[in-house]
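Welcome! Keep the 3D view open as you read.

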Amino acid sequence: MGYAILSNEPNHTVFKYGGHTIRFRAPHSLEYYSSVKEWDHGYLVVMAKYSHNSQDEEEYIDLVPILEDLYFDAETFLKPIKEVRIGMDRQQLFDHVKHHYGTTPDYPWADQNAVLRHKENRKWYGVILKVGRDKLGLPGDGLVDVLNVKCDPFLIGSLRIQEGFHPAYHMNKEQWISIRLDGSVAEDTIESLLDLSFVATKGTAKKAAKIVEKK
């Protein structure tokens with residue numbers, strides 16, 4: 001994989017590449033990174049959204065001193081990275097589906113778990129779930145957001161061996177797949193898979209089938 005993924009979590013910027021996760025302090029007002037304008041061997045020019053400004057702002061990140069402070073060989077670590085892509089979190093996903101599909105998340109279980117539905121047939125094309133890390137075979141405690149999307153069964157097999165993808169949590173594992181929304185998967189990849197799921201579930205002739213598996 002010749003690309004790294006940039007994302008953020010509360011008070012931190014997150015840079016992921018080659019199985020390494022680099023976290024460093026970010027302003028409290030940072031909401032998300034929206035795009036990468038330039039990548040030059042450790043030097044990033046990005047657009048970022050801050051709570052105090054309605055418009056995205058240009059920001060500069062120099063990873064070399066950050067990596068050196070963490071005792072990385074910066075030159076060796078950065079050399080294979082050809083590009084940097086933006087990761088996607090829950091709120092960015094909601095913003096995307098609102099803009100592209102006119103979808104507002106539905107909360108049928110009155111908790112943090114949400115469903116993305118077609119307006120016409122009410123079928124699900126996406127499900128956002130809070131899942132324990134241990135349930136996904138991940139180290140550490142706590143919860144992680146996942147997005148379940150309907151997917152071509154032939155594609156599911158190749159996706160499952162990639163970082164950030166898991167067998168569909170509590171859904172038909174032959175037709176759906178879970179994507180972690182923690183910056184492990186690039187934004188454009190998530191958007192493409194969401195488009196495929198939207199199209200695959202768009203039919204209106206049949207009543208929506210129950211797809212959640214029983215325990």
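**Confidence**
- One stretch to treat with care is residues 204-215, where pLDDT stays under 50. The model has 17 contacts beyond four places in sequence for this stretch.
- Where pLDDT is low, the predicted coordinates should not be read in detail.

**Helix α3 and its ends**
- Helix α3 covers residues 90-101, which makes twelve residues. From its first C-alpha to its last it reaches 16 Å, close to the 16 Å expected at 1.5 Å a residue.
- After α3 comes Gly102, which has a positive phi, near 70 degrees.
- Which residues of α3 are buried? They are Arg90, Gln92, Leu93, Phe94, His96, Val97 and Tyr101.
- The cover over these buried residues includes the strands β4 (30-40), β7 (83-86), β8 (114-117), β9 (124-132) and β10 (143-150), along with helix α5.

- Thr103 belongs to the loop between α3 and β8. With a relative accessible area of 4%, Thr103 is under the 20% cut-off and therefore counts as buried.
- The side chains of Thr103 and Tyr125 are joined by a polar contact of 2.6 Å.
- Setting aside neighbours within four places in sequence, Thr103 touches Val97, Lys98, Leu116, Arg117 and Tyr125.

**Helix α5**
- Helix α5 is made of 14 residues, 187-200.

- Ser184 sits in the loop between β12 (176-180) and α5. Is Ser184 buried or exposed? Ser184 is buried, because its relative accessible area of 8% is under 20%.
- Its side chain makes polar contacts with two side chains: that of Arg180 at 2.8 Å and that of Asp182 at 2.6 Å.
- Beyond its neighbours within four places in sequence, Ser184 is in contact with Ile5, Lys16, Glu163 and Gly164.

- Strands β5 (residues 43-50) and β6 (residues 57-62) run antiparallel and pair over six bridges. The hairpin that joins β5 to β6 has six residues.
- To see the pairing in the view, look for Met47, which stands opposite Glu58 in β6.
- Tyr60 has its place in strand β6. Its relative accessible area is 48%, so Tyr60 is partly exposed.
- A polar contact of 2.4 Å links the side chain of Tyr60 to that of Glu58.
- Leaving out neighbours within four places in sequence, Tyr60 is in contact with Tyr43, Leu44 and Val45.
- For a sense of scale, the C-alpha atoms of Tyr60 and Asn148 are separated by 34 Å, and the two residues are 88 residues apart along the chain.

Definitions and conventions
Residues are numbered from 1 along each chain as its sequence is written. This is a predicted model: local features need pLDDT of at least 70, side-chain atom pairs count only at pLDDT 80 or more; totals for chains, interfaces and linings use all residues. Side-chain values use heavy atoms; hydrogens and water are left out. Two strands pair if DSSP finds at least two bridges between them. Helices (H or I, at least four residues) and strands (E, at least two) are DSSP runs, numbered from the N terminus. The expected span of a helix is 1.5 Å times one less than its number of residues. Buried means under 20% relative accessible area, exposed over 50%, partly exposed in between (1.4 Å probe, protein chains only). Contact means heavy atoms within 4.5 Å. A polar contact is a pair of N or O atoms within 3.5 Å; within protein, one must be able to donate a hydrogen and the other to accept it, and residues adjacent in sequence count only if both atoms are side-chain atoms. pLDDT is the predictor's confidence in each residue, from 0 to 100.
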